[in-house]
Structures are given as structure tokens and as C-alpha cells.
Amino acid sequence: MSERRRYLGLALILAVFAAWPLLAPGYFLGAHDGPHTLFFLVQFDRAVADGVLIPRWGPDHALGYGYPTFVFYSPLAYYVAEGFHLTGLGIAAAIKAAFALSILVSCVGMFLLAEALLRQAPTDSRGFGAAAAVAAVVYTYAPYRFVDIYVRAALAESWALSLFPWALWAFWSLATAPSRRRIAAAAATYGLLLAAHNVTALLFTPLLGAAIIIALAASGRLPSARAWLGPIAAGALGVALAAFSLIPSLAERGYIRQEQWTRATYNLTDHFVYPGQLLSPLWDYGYAVAGPEDTMPFQQGLAPVALSLAGLALGTRSRCFRPAAVLLGLGLVTYTFLMTGASGAIWRAVSLLSLAQFPWRLLGIVALCAAGLAAIAGARLADRAGQGSALLLALAVVVASLPYARPQHTAPDPRAEQPVGTVEFELEYTDMRGMTAWTQHMPQDSPKVAAYLAGEALPLAETDAPGASVEPLHLGGHVQIVRVRSETAGELRFHTYYYPGWRAYVDGVPAPVRPAGPLGVIALDLPAGEHRVTIHFGETPLRLASDWVSLAAVMGIAVLGLSPGRDHTSRNPHGNH
């Protein structure tokens, strides 16, 4: 086994302990998004069961009126969880498996990123493997990683954090030594990041831009317009890869009551971090609130802070490490500043930033920068005191942060893994009932609620035709079917929100639909007689075009990735460090 694999294996072994609590029975429903992660996967799975490759609709949201959940919520993490679920794992077990995999993925990605950053040093430098292991452990055990998993249960954001180092590694490598395969790697990682959590990915994008500029400057190719072709192509391909999710989420914002997700407890100006909180030892499972009385941890961790400051000081004095140190130091300072109230004018000036909701999300990017700087400190320590000293440093980080890898376990709750779990949650938290642009007020009840709670067949539709009967036949993720018997013509209303993409078929023949009533439900005209009526949520022309763009990007990335030719390795122009 090579030295590189040995150190990567060691980092993965240490990462397993961070994921170990996920092997315990039960779940952690008390976590902020604990119930969400379960019922989101339930909704996702119901769409997949209808044969849908790109789920968009959550049929049980809004008290059963449904909601275009995955039009706006990035789906990658739920594809991962659904993969585990399809192997036979239950909903909660599949979610925990997806969390655990995100930990291991981030560990490997940070190891590769640290190696790429350290390769600017002479090729005979010792300690790269040990230093990369230090960086991987620091990132894996960053307190905010445990906040995301065990306090917040934020599955999508956890996957975005796991892909940060992969994207930065790919773009740094591409800018340092371009090749077609590196364009493919950068495009794939950036596209997956956008599909994991698009808001977090967009917040991370300026750091990628800075990495490209600094890497090109370090290689002496910054003035060359040709040097930008690879990174620009990779960025464009990455956006195209995520187009199936990204474009509808941006283009269809006017179809929902977006303001309900950016006000009250989601007002970003109430969620700035106070500087003292970044070093506070507080560890609790509460929430972020306006003012400094948060019971949610915002600490960066003393070990990551100390190592990042040491790496910054050592890196800026070393000519070979200076590009990486400047990049990571700039990221550390800038994103830390943006978490504080002093940056309020910036957040208010860019309206799109309101979708971020919480400035403290940037703690994940700060953790990445700190881990990269820790690699520089680890490399210096390994050079002077041997690789064993760097490994002891990694173990110290594990010991310092392992107590935070502790969820508030709750007993298994079968209802939380069923459609009724969504409804029970919304009955308790009334502000979580989504509304579309055709909904005049938030629903206070629905004809389906009693049936949900009793475990009975749900009433799917009603008609104003006297004496008519409506029999529910099928309720899936994207498909609903009823049988209607009526002696007179009338209007049939489904207890489902209207939204672009819904189509109706009466005995297999397309029928026009419209929004009706104060809740904007699906309505259509129905002639007298017995009819089988199907409504199907499908793609609009815009969504279909976005799907084709993503498919074309997959093919383009595959062609580039499989193209013959060796990747060029960078040469260090600076001599010894």
C-alpha cells in the first residue's frame, strides 16, 4: 500500500467515528429539520414510485393540497437517500446512511484538495500525506459539520458541504494544469454541488472564482485569455449539468408565495453571528434567534481556529505555499465578515441573497478554509518534527470535537416515515404550509386531514353535480386517478393546488385545467356519465428544455472525461520553500 493510500485510509477510519452515532437505532426527530428529512424522502419516494425520474411535486404538503417542493429544493441528497431506500432500508435508516456517506465523501474530498494545494511545494517535501490527513480530519470534525448533521439534520446542506472540497480541488487543479479531463471533473463537481443545495453553492462560487484567479496568477498565466477557457467551460458545463433543477427553481419563483420563506423566523437580518459566538464553547440543540441569545452553536472550534491561524502565518511566509494561503486566508476573513452584522448592507443590496435565509450558513465555507490552512500547518510540522507529529495533531482534533458528534436520539416513530407525518408536522407548525401564487390565503384545513389522521383512503376530488359520486382510485407522487359517476355535467375540483405542469385526462383524452376557488385548486369541466379522470404532474416546456440541457451536459462531460491524453502535472517554479 502506498503512503498516500495509507494516510487517506487513516483519515477515513477517523471519519467513521464522526458517523458512528448514525448507526444507533431510532432517529433524532428533535433536530431542527429532523422531521423534514423524513417526510421529504417520503414525498420523493412517492414520485419515484410513479416512475418519475425527476421528482417535482410533494403530494402531502400543505395539508394534502400538495406543493412543488422539489422544483425549489435541490434534490441530489434525496437521490442518494432514495438509492439507499431502494436497497431495502427504511426511510429513517436511508436518511442516516446518506448523512454517513456525506461525512466520508467530504473526508476524501478534503484530502485531495489538501494534496493539490500542497503540491505547489517542492516535489521532495515530506509530510504531504500526513498533512492532507490533518486537513481531512479538521474538516470532518469541524463543529459546524456536526451542527448540520446532529443539531439541524440538514441533509441537503450537509451534502453541499461534502462537495465543497471536491469542487475547489477540481477547479484549482484545472487552473494549475489544464486538461480535458480536469474540465470534466470541475464541471461534474460544480454541477453536483449546485444540485445538492443551490443557495449554498452560489454562496461558495466566489471562492471558486478567487481560486481560479490565484492559481492562474501563481502559474504566470493570468494575463492569457486562453487560460480562462477551461475554467469558463467547466463552470458553464456545471451550470448546465444542474439545469434540470437550477433553472426551474429560479424561473418559477413567481409561482409560489416566496415571501413566506423569507420573513419572520427566516429574516436573514435576525441571523447574523456575534463575533464572540465564533469562539464560544456553547453546544446545545436550540435555535438561532434575533439577538445574541441563540441556543444553536456557531463556534468554529478552538483547534481549527488555532491551526488555521498557524497555517496562514506559515503559508504567507513561504513562497510555495503563499497562493494557497492567500486564497484560504481571504476566504476565511471574507466569509467570517459576511456572517456578522457589519455586512448587513451587502446582504440588503443583493435581493437574491435573501434566499440564503441564514448568514451563519457560511460557517461551512469558513470550516473548509480553516481545514485547508491546517494542511499547511500540518505540512510544516511534519517537515520539522516528522509525520507522526502531524498525525498526533489529527488525533487531538478528533478528541476535541468528538463529543459534538452526539444527536438527541428519539425512539422510532413509524408515522414520521409515512405521508401522515407531513400532515401532523404542518398541523403543529402552521406557518410551514406552502402556498402557490393562486392561493389567496394559507389553508387552515383540508378535506384530506381527517382521513390522513385516521389512516383511511383520502378523498381526492369533489364535484358540484347533484347526486354525483367521486371514487378515489390512485394517489401517487405525480399521478391521481378518480372515477366519477354523474347524471349531469359539472365542475370537478381536485383537492390539490393548481400549478403549471398539471394535466388532466378524461377517459384518456386531454382536458383543460384551471385554478379555482380561494385556494387555487385544480378544476376541470366534466360531462355527464361515468368517467375515469387522471391528473398528472409533468414537465412544462421550460422544465423539459432544462432536462435536455442537463442531459447534453452529461454527455459533454462524459466525452471530455473519457478523452485520451495524460493530465499535465504542475511544476513548482519557486524552488525550495
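## Cysteines

The structure holds zero disulfides, a disulfide being a pair of cysteine sulfur atoms within 2.5 Å. Cysteine 107 is buried at 0% relative accessibility, and cysteine 320 is buried at 1% (buried means under 20% relative accessible area, exposed over 50%, partly exposed in between, with a 1.4 Å probe and protein chains only).

## Basis of the model

This is a predicted model, in which local features need pLDDT of at least 70 and side-chain atom pairs count only at pLDDT 80 or more, while totals for chains, interfaces and linings use all residues. Residues are numbered from 1 along each chain as its sequence is written, and side-chain values use heavy atoms, with hydrogens and water left out.

## Aromatic pairs

A search of the whole structure finds 34 aromatic pairs (rings of Phe, Tyr and Trp, the last by its six-membered ring, with centres within 6.5 Å; planes under 30 degrees apart are stacked, over 60 edge-to-face, the rest tilted). The rings of phenylalanine 40 and tyrosine 73 have centres 4.9 Å apart and planes at 90°, so this pair is edge-to-face. Phenylalanine 40 is buried, with a relative accessible area of 10%, whereas tyrosine 73 is partly exposed at 26%.

Phenylalanine 44 and tyrosine 78 form a tilted pair, 6.4 Å centre to centre with 35° between the planes, and both residues are buried.
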